[in-house]
Amino acid sequence: MEARRRLTQRARREELVFYLCVLPWIIGFVGLQLGPMISSVFFSLTAYNIIMPWRWLGLANYKEILTDQYFWISLRVTSIYSVGSVAANMFTSLFVASILNRDIKGLSWFRTLYYLPSVVSGVAVSMLWMYIFNPEFGILNYLLWEVFGIRGPSWIYSETWALPSLILMGLWGIGGGIIIYLAGLQGIPTELYEAAEIDGAGGWRKLLHITLPMMSPVIYFQLVMGIIGSFQVFTQAYVMTQGGPHWATLFYVLYLYRNAFETFRMGYASALAWVLFAILVTLTLLVTRSASSWVHYEESVN
Amino acid sequence: MTTTAQAGRADREMRGLRKSVSRALGDAFAYTFLIVVGVIILVPVAWMLSTAVKSDGNVYPFPPQWIPIPPHWENFTRAFRAVPFGRFFLNTVVITLTGITGALISCPLVAYAFARLRCRAKNVLFVMVLATMMLPGQVTMVPLYILYRRLNWIGTFAPLVVPTFLGNAYYIFLLRQFFSTIPRPLDDAATIDGCGYIGRFTRIILPLSKPALATVAIFSFMHHWNDFMTPMIYLSSSRTRWTMTMGLNGFRGAYGGTQWNMLMAASLVSVIPPLLLFFFAQRFFIQGIVITGVKG
């Protein structure tokens with residue numbers, strides 16, 4: 001009895017210390033996440049522009065979204081970018097990582113070099129690429145003409161080329177992906193390949209039956225994070241194209257930002273945010289559901 | 001007998017030769033490819049560097065000049081005089097350093113509790129930490145703006161730095177994973193030596209977690225230094241509190257399409273701190289990317 005009571009007292013003390021340690025996070029969670037989430041649901045059902053008192057609208061904001069042509073444009077722009085950039089980034093970084101994985105001399109040099117652009121992400125990079133993409137005096141069209149004899153398009157200033165331009169620019173910053181895939185590749189036991197070679201497997205079969213299955217958990221995680229990230233693009237669109245030309249780069253979050261902080265339609269912006277949330281949850285669930293058929297998890301022996 | 005043995009040996013030699021030839025070809029392809037990719041990566045950087053020191057008239061003409069002679073170093077001072085970039089740079093430094101401090105004060109403590117202390121609600125709370133990692137920031141963006149407005153924080157650094165003292169799910173998760181790998185017998189030894197919960201945290205866990213703490217500091221640095229949307233939301237109205245990214249964007253609005261040399265000079269200054277950090281602390285960058293990218 002005595003010992004048990006002392007134990008519970010100690011356990012209680014430990015719980016108290018636990019709560020004290022976690023307190024900052026709890027305050028942040030309640031005050032900056034849970035509370036705002038709940039009020040975001042509320043605001044999404046109102047018209048509110050900060051200056052005037054809010055007015056109850058019910059589901060009118062959500063109904064408006066369905067008939068808002070700019071919402072559909074932004075959804076289309078963001079989806080095309082998402083598919084294009086996730087696929088391009090994943091394929092390229094896997095390819096570069098697999099080449100780096102073949103006992104390359106100077107590996108750390110290449111790794112440093114390839115990661116370099118990721119360090120300088122943000123507005124400075126957008127500035128740099130605006131200059132590179134400039135149709136008249138940008139370096140890209142100059143090189144295309146000098147090296148390949150191709151007259152380059154107007155890149156970000158062209159309605160058709162603006163999105164591909166931004167996807168291309170995104171490829172410049174895949175260093176992080178390369179490092180992650182490289183680490184994954186290096187974690188595949190060499191015995192697997194040796195065994196496959198004894199069985200007479202060629203490079204193609206090794207890729208299909210060892211490399212890809214062993215890498216699938218990493219690919220899966222990168223896919224989910226890539227999709228989420230691509231739906232939250234803002235800086236490039238705001239700085240480089242301002243959503244144009246002719247709404248060709250009106251990304252979802254840019255449209256949301258404009259509603260919230262340029263036209264101060266706080267209620268409508270909140271509704272847009274929840275629609276974005278629903279889209280991301282749906283996409284994540286779809287990928288996760290499909291994962292059971294293609295993601296291979298090492299069964300633990302012990 | 002002998003002929004078959006000889007044929008077998010010849011065959012094996014042939015196969016060995018073919019293998020080494022294909023390996024050599026593969027290596028040649030690999031190095032060529034890697035170097036070409038490296039050049040593609042460096043061309044924009046070189047272009048930025050060379051444009052930053054070009055004269056005003058030299059920005060457009062072709063063929064482009066890769067090494068401008070003479071270099072116009074005064075572009076840097078001109079850019080800093082045209083727009084108060086010095087001020088913006090200082091603001092960014094203050095925000096970034098405060099943000100790092102906030103993350104390093106709050107996150108390790110929370111992570112320690114999740115890694116080492118027992119509590120009935122622990123698992124539920126930890127699932128909530130993970131759940132907030134999934135929540136897109138846009139969902140809370142509008143209510144937070146309204147909240148900070150009520151607090152009269154618009155136009156101050158507070159909305160950018162105060163939340164960092166209340167923990168960050170990513171960093172908490174990263175640190176908890178790292179703390180969990182520290183052998184428990186070390187804790188027990190410290191307990192025998194008379195350490196309490198906090199003693200074990202400050203004397204065992206923290207000193208052994210320097211790499212993880214460095215990773216958190218670096219991530220937090222990169223986040224605050226490059227952040228554009230949050231300062232745009234909260235600091236737009238107060239020009240003296242603009243950050244470097246906002247200054248660059250404003251500069252684009254005012255001089256974009258004309259003064260590329262000054263624009264590149266200012267951009268260059270803004271990327272020097274992260275570049276320096278990367279070169280001196282590369283190990284922690286790579287480690288952090290791998291931890292967060294592979295294990296999730």
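## Where the two chains meet

Two residues count as being in contact when their C-beta atoms, placed from the backbone, lie within 7 Å. With that in hand, let's look at this predicted model. Chain A brings 68 residues to the contact between the chains, and chain B brings 68 residues as well.

Which parts of chain B do the touching? The elements that give two or more residues to the side facing chain A are α1 (2-52), α3 (85-116), α4 (122-134), α5 (138-150), α11 (229-235), α12 (244-255), α13 (260-280) and α14 (282-294) of chain B. Of these, α1(B) gives the most, with 11 residues. If you sort the side of chain B that touches chain A by class, you get 49 nonpolar, 15 polar and four charged residues.

## How confident is the prediction?

For the model, the scores are ipTM 0.88 and pTM 0.90. Chain B has an average pLDDT of 88, and 94% of its residues score at least 70.

Let's take chain A to begin with. Its assignment gives domain 1 (2-43) and domain 2, which is made of two stretches (66-122 + 167-294). The C-alpha centres of domain 1 of chain A and domain 2 of chain A are 35 Å apart.

Now for chain B, which is assigned domain 1 (2-52) and domain 2 (83-294). Here the C-alpha centres of domain 1 of chain B and domain 2 of chain B are separated by 42 Å. The two do touch: four residues of domain 1 of chain B are in contact with six residues of domain 2 of chain B. On the domain 1 side of that contact in chain B, three residues are nonpolar, one is polar and none is charged.

## A residue on helix α1 of chain B

L17(B) sits in helix α1 of chain B. Is L17(B) buried or exposed? It counts as exposed, because it has 10 C-beta neighbours inside 10 Å, and the cut-off for exposed is 12 or fewer.

You can pick out the residues involved. α3(B) supplies F85(B), F88(B), F89(B) and T92(B), while α12(B) supplies M244(B), M246(B) and G247(B). By class, this contact has five nonpolar, two polar and no charged residues.

Most residues other than glycine have a negative phi, and most peptide bonds are trans. The peptide bond from G244(A) to P245(A) is cis, with omega near -10°. You'll find P245(A) in the loop between α11 (235-241) and α12 (252-261) of chain A.

H246(A) lies in the loop between α11 and α12 of chain A too. H246(A) is not a glycine, yet its phi is positive, at about 50°. With 11 other C-beta atoms within 10 Å, H246(A) is exposed.

I50(A) also has a positive phi, near 80°, and is a residue other than glycine. Look for I50(A) in the loop between β1 (46-47) and β2 (55-56) of chain A. I50(A) has 13 C-beta neighbours inside 10 Å, so it counts as partly exposed.

Conventions
Residues numbered from 1 in each chain as written. Chains lettered and ligands numbered in written order. Predicted model: local features only at pLDDT ≥ 70, side-chain atom pairs only at ≥ 80, totals over all residues. Helix = DSSP H or I, 4+ residues; strand = E, 2+ residues; numbered from the N terminus. Nonpolar A, V, L, I, M, F, W, Y, C, P; charged D, E, K, R; others polar. Domains from an automatic or database assignment. Buried ≥ 20, exposed ≤ 12 C-beta atoms within 10 Å, placed from the backbone. pLDDT = per-residue confidence, 0-100.
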